Amino acid sequence: MRALDARITAHPDRFRVLTGERPTGRLHLGHYFGTVAERVTLQARGVETFLVLADYQVITDRDTTDNVAINVHEAVLDYLAAGLAPASTTIFTHSSVPALNQLLLPFLSLVSEAELHRNPTVKAELAASGRALSGLMLTYPVHQAADILFCKGNLVPVGKDNLPHVELTRTIARRFNDRYGDVFPEPEPLVTASPEVPGVDGRKMSKSYGNAIALSMTNDETAAVIRRTPTDGDRHITFDPVGRPGIAALLTTAALCASTTPELIAEQIGSKGAAELKRVATDTINDYFAAHRRRRAELARDRSAVIDVLQAGVERANTIAETTLDEVRSAMGMHYTLM
């Protein structure tokens, strides 16, 4: 990993990143510390980034696309407020790039059903959804491969849990190249050390759990969420993720925003109790995201700003996807001309 990092530093122009998320709700602190901040860092290092809002993937585990357009708009506001610049980061929606999705057919021919069933992320998503396995869910990793490879992405920031997705993408690229000729790079995983941000109940922060602090919340809304955090009767504050999950969650999030450790914050609060912990956590989070929220509010006053960014991103993504699809057709001998 150090060698890869050194290559990125020496030649950032040789790398292209694909990253993204499903627009299923408002972005929260888990997104920010888990992925958004890393994207801003890569952008600052000079790495070109493609950021897909995977709207088609919303229906992998739900029956409705309600609020998807709103969620896309809100996500773009957070991206821009965090510092992602459209000149360096191409932001687009999955459904707006037809040529990208046409890659699915040849890619699906390169993997077996058994390989898809073995993917641990598919297993985990299926278990979490409590639903029957749909074709979309089963082929989710192949969709991600198309997302990465349509733009010739060769670097994918991931946590360790998502390494199997990148490995399947590498397998698909390798098998396509072996069968039809070199078209795609085999992307390298950039394993990030991003922290897992707990929700206010101690579980992983998640929109579906209802335990998240959204980036778009006001100071008062943040304070209200934190006030509802379950604690206990022991006034002496200690960092114990297993025995005191609510208290540990507040300590962890405050520590991330203060660039310190949860143990140190616990020591500083001591026997002042949960009320003092909640005050510290509220103030620390609100201070940390003050500039983000100020920029976000300014951007939100001009709705055309988000529309312009999306239109430019979709146009660029379509141009690249159509070029890649043309290469695929040529490699497969499916490039026809009228006689």
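Let's start with Asn101, which is found in helix H4 (residues 98-102). Helices here are DSSP runs of H or I with at least four residues, strands are runs of E with at least two, and both are numbered from the N terminus. The model you are looking at is predicted, so local features need pLDDT of at least 70 and side-chain atom pairs count only at pLDDT 80 or more, while totals for chains, interfaces and linings use all residues. Residues are numbered from 1 along each chain as its sequence is written, and side-chain values use heavy atoms, with hydrogens and water left out.

Is Asn101 buried or exposed? Its relative accessibility is 17%, so Asn101 counts as buried; the word buried means under 20% relative accessible area, exposed means over 50%, and partly exposed lies in between (1.4 Å probe, protein chains only). Leaving aside neighbours within four places in sequence, Asn101 is in contact with Tyr56 and His94, where contact means heavy atoms within 4.5 Å. Now look along the chain to Leu325: Asn101 and Leu325 are 224 residues apart in sequence, yet 9.7 Å apart in space, C-alpha to C-alpha.

Next, let's follow the strands. Strand S1 (residues 16-21) pairs with S2 in the parallel sense, over six bridges; two strands pair if DSSP finds at least two bridges between them. In this pairing, Val17 stands opposite Thr49 in S2. To get from S1 to S2 the chain crosses through H2, and this β-α-β crossover is right-handed. That label means that, with the strands pointing away from the viewer, the path from the first strand over the helix to the second runs clockwise.

Strand S2 (residues 48-53) is in turn joined to S3 by five bridges, and these two strands run parallel. Here Leu51 stands opposite Ile91 in S3. The chain passes from S2 through helix H3 (residues 68-82) to S3, again as a β-α-β crossover that is right-handed.

Val156 stands opposite Pro189 in S5. Between S4 and S5 the chain crosses through helix H10 (residues 163-180), and this β-α-β crossover is right-handed.

Leu42 lies in helix H2 (residues 29-44), and at 1% relative accessibility Leu42 counts as buried. Not counting residues up to four places away in sequence, Leu42 touches Val17, Val47, Pro157 and Leu190. In helix H10 you will find Ile172, which is buried with a relative accessible area of 0%. With the residues up to four places away in sequence not counted, Ile172 touches Phe107, Leu110, Val111, Val142, Ala145 and Leu149. The C-alpha atoms of Ile172 and Leu264, 92 residues apart along the chain, are separated by 47 Å.

How do two helices meet? The axes of helix H11 (residues 219-227) and helix H14 (residues 273-288) come within 10 Å and cross at roughly 150°. Axes are lines fitted to C-alpha atoms, for helices over the stretch in contact, and angles run from 0 to 180 degrees between N-to-C directions. The contact is made by Asn219, Thr222, Ala223, Ile226 and Arg227 of H11, together with Lys278, Ala281, Thr282, Ile285 and Asn286 of H14.

Finally, turn to two loops. Lys152 lies in the loop between helix H9 (140-150) and strand S4 (155-158), and Lys152 has a positive phi of about 60° although it is not a glycine. At 24% relative accessibility, Lys152 counts as partly exposed. Ser259 sits in the loop between helix H12 (245-258) and helix H13 (262-269). The phi of Ser259 is near 55°, a positive value in a residue other than glycine, and at 66% relative accessibility Ser259 counts as exposed.
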